[in-house]
Amino acid sequence: MTPRTAEYPRPDHFLLHISDTHLLGGDRRLYGSVDPAEQLRTLFAELEGSEGRPDAIVFTGDLADKGEPEAYDLLRRIVEPAAERLGARVIWAMGNHDNRAAVRSELLAEPPSMLPINRVYDVNGLRVITLDTSVPGEHYGDVTAEQLAWLREQLAVPAPHGTILAMHHPPIPSVLDLAVSVELRDQAALAEVLRGTDVRSILAGHLHYSSTATFAGIPVSVASASCYTQDLNVPVGGTRGRDGARAFNLVHVYESTVLHSVVPLGQYQVLDYVDADETARRLKADGVEIPLSRMQAAAAADAVANREPAPVG
C-alpha cells in the first residue's frame, strides 16, 4: 500500500444556498395546496440531520410571495433558530416578489426604504456580495448604473479568499421561453463590471429549477426553489409548475475551485450506508489522507504556537 494524499484538501468555506421560499402571511398556501413554510422547515430538518454546518446561509430572493411583513416575520422565525443551531450567519438577497421596505424592517432591522438593498459580507475571508436585481412592481430584473458603480468600487480590492456574488435574477439563458419576459436585462453592462475581478461564483434563483452556466467567464449556479418547481419535461415552449422536485444547493469553496452541489428534498429508499467512522477507517486502511483546509491548518498552527511549554522537572 502506497500512502496517498487526496487531490483536494477540506474546503475553506461551506455555504448553504436556498432560493425562492415564497412565504405567505396568514397561514395561506400557494396554489391552494403548497405550504411554503412547511417545506422550508423540512429543508432545515433534513440539512441538520446530515450534520453539515455551513458558515453562512445565502437566500437568493423571492423570500416572500407577496412582500407581506407577516411573511417576512414568519421567515425570520423559521430561519433564525435554525441558523443559530447550525452556527451560521444569514445573508438575504432581494427578489422580484419581495418588498424592499418590508425586508429592511422585518429582516434587516433597518428603517423602511425602497432603495436597492446591496450588501457586502465578510465570511472569514470570503467576501459575499448581494446585488439587488429587483425592479419594484415588475418581475424582470435590472441593475442600475449607480449599482454597477457601487459594485465596481467594491470589487476594486480583491478579498483574501475571493468573492461570491449573490443575486436573484440569473445572468444566463433559460430553457423555458416564457422566462425571457422576466429575465435580467442589460446583462452586458454587468459583465463588463465583473470581468477580471475576484468573483469566483454567482449564486442566483428565480427560475425554480437547478441550472448552471458561465457568465463573463464566471460559474453561475442557480438553486431550485424550496416551495415549488418548474417541470423541464413540459412540451417545448410551455411552462408547468409542479408540487415537487424541490432542492437546495451546497457551496464548498476551495483555494482552487468552487463546488456547487444540488441536494433534492425528500426521503428515498436507502440502498447502502457507510457512516463517518467506517469511512475514516477505510481511508486509513487505504493510506489516503485528506489534508486540512487553509483555515484548519492555520488554526492548528496557531494552537501549536500558543501552546505553553511542558513544565521541566
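Me: Across which strands does α4 lie, and at about what angle does α4 run to β6?

Reply: This is a predicted model. In it, helix α4 covers residues 145-155. The helix lies across β5, β6, β7 and β8. Its direction relative to β6 is about 180°.

Me: In what order do the six strands of the open sheet with β5 and β9 stand?

Reply: The pairing in this sheet is mixed. Its edge strands are β5 and β9, each of which pairs on one side only. From one strand to the next the twist averages 20°. The order is β5-β6-β7-β8-β10-β9.

Me: Which residue in the hairpin of β5 and β6 takes a positive phi?

Reply: β5 (residues 119-123) and β6 pair in the antiparallel sense over five bridges. Valine 123 stands opposite leucine 126 in β6. Two residues lie between the strands of this hairpin, and the one with a positive phi, near 55°, is asparagine 124.

Me: Which residue of β7 stands opposite valine 128?

Reply: β6 and β7 run parallel and are joined by five bridges. Across this pairing, the residue opposite valine 128 is isoleucine 164.

Me: Why is helix α5 described as largely enclosed by the rest of the structure?

Reply: The buried residues of α5 are Gln187, Ala189, Leu190, Ala191, Val193 and Leu194. They pack against β6, α4, β7, β8 (199-204), β9 (211-215) and β10 (218-222). Helix α5 spans residues 187-194 and counts as largely enclosed because the number of its eight residues that are buried is six.

Me: At about what angle does α5 run to β9?

Reply: Helix α5 lies across β6, β7, β8, β9 and β10. After the helix comes glycine 196, with a positive phi near 80°. The angle between α5 and β9 is about 70°.

Me: Which strands stand at the edges of the five-strand sheet, and why is one side of each left without a neighbour?

Reply: The five strands form an open sheet of mixed pairing, in the order β4-β3-β2-β13-β14. Neighbouring strands here are turned by 20° against each other on average, direction ignored. Each edge strand has a single partner, so one side of it has no neighbour in the sheet; the two are β4 (89-93) and β14 (258-264).

Me: What is the bridge partner of histidine 252 in β14?

Reply: Strand β13 (residues 247-253) runs antiparallel to β14, and seven bridges join them. In β14, the partner of histidine 252 is leucine 259.

Me: Which element gives the largest share of the largest nonpolar core?

Reply: This core has 33 residues, and those with the most contacts inside it are Ile18, Leu40, Phe44, Ile57 and Phe59. Two or more residues each come from β2 (13-18), α1 (36-50), β3, α2, α3 (100-106) and β13. The largest share is nine residues, from α2.

Me: Are α1 and α2 roughly parallel or roughly antiparallel?

Reply: The axes of the two helices come within 10 Å and cross at roughly 5°. The contact is made by residues including Leu40, Phe44 and Leu47 of α1 and Leu75, Ile78 and Val79 of α2. Angles under 35 degrees count as roughly parallel. The crossing angle therefore makes α1 and α2 roughly parallel.

Me: At about what angle does α2 run to β4?

Reply: Helix α2 (residues 69-86) lies across β3 (56-60) and β4. Valine 90 lies in β4. Neighbours within four places in sequence aside, valine 90 is in contact with Ile57, Phe59, Val79 and Ala83. The angle of α2 to β4 is about 140°.

Me: How far apart are the C-alpha atoms of valine 90 and aspartate 243?

Reply: The two residues are 153 residues apart along the chain. Their C-alpha atoms are separated by 27 Å.

Me: How far apart do the end C-alpha atoms of residues 16-209 lie?

Reply: An unreviewed UniProt entry annotates residues 16-209 as "domain: Calcineurin-like phosphoesterase". In the model, this span is 30% helix and 18% strand. Its end C-alpha atoms are separated by 16 Å.

How values were computed. Residues are numbered from 1 along each chain as its sequence is written. This is a predicted model: local features need pLDDT of at least 70, side-chain atom pairs count only at pLDDT 80 or more; totals for chains, interfaces and linings use all residues. Side-chain values use heavy atoms; hydrogens and water are left out. UniProt positions are given in the numbering used here, feature names are shortened, and annotations may be inferred rather than shown by experiment. Helices (H or I, at least four residues) and strands (E, at least two) are DSSP runs, numbered from the N terminus. Two strands pair if DSSP finds at least two bridges between them. Axes are lines fitted to C-alpha atoms, for helices over the stretch in contact, and angles run from 0 to 180 degrees between N-to-C directions. Contact means heavy atoms within 4.5 Å. A nonpolar core is a set of buried Ala, Val, Leu, Ile, Met, Phe, Trp, Tyr and Cys residues joined through side-chain atoms within 4.5 Å. Buried means under 20% relative accessible area, exposed over 50%, partly exposed in between (1.4 Å probe, protein chains only). Angles under 35 degrees count as roughly parallel, over 145 as roughly antiparallel, 65 to 115 as roughly perpendicular and the rest as oblique.
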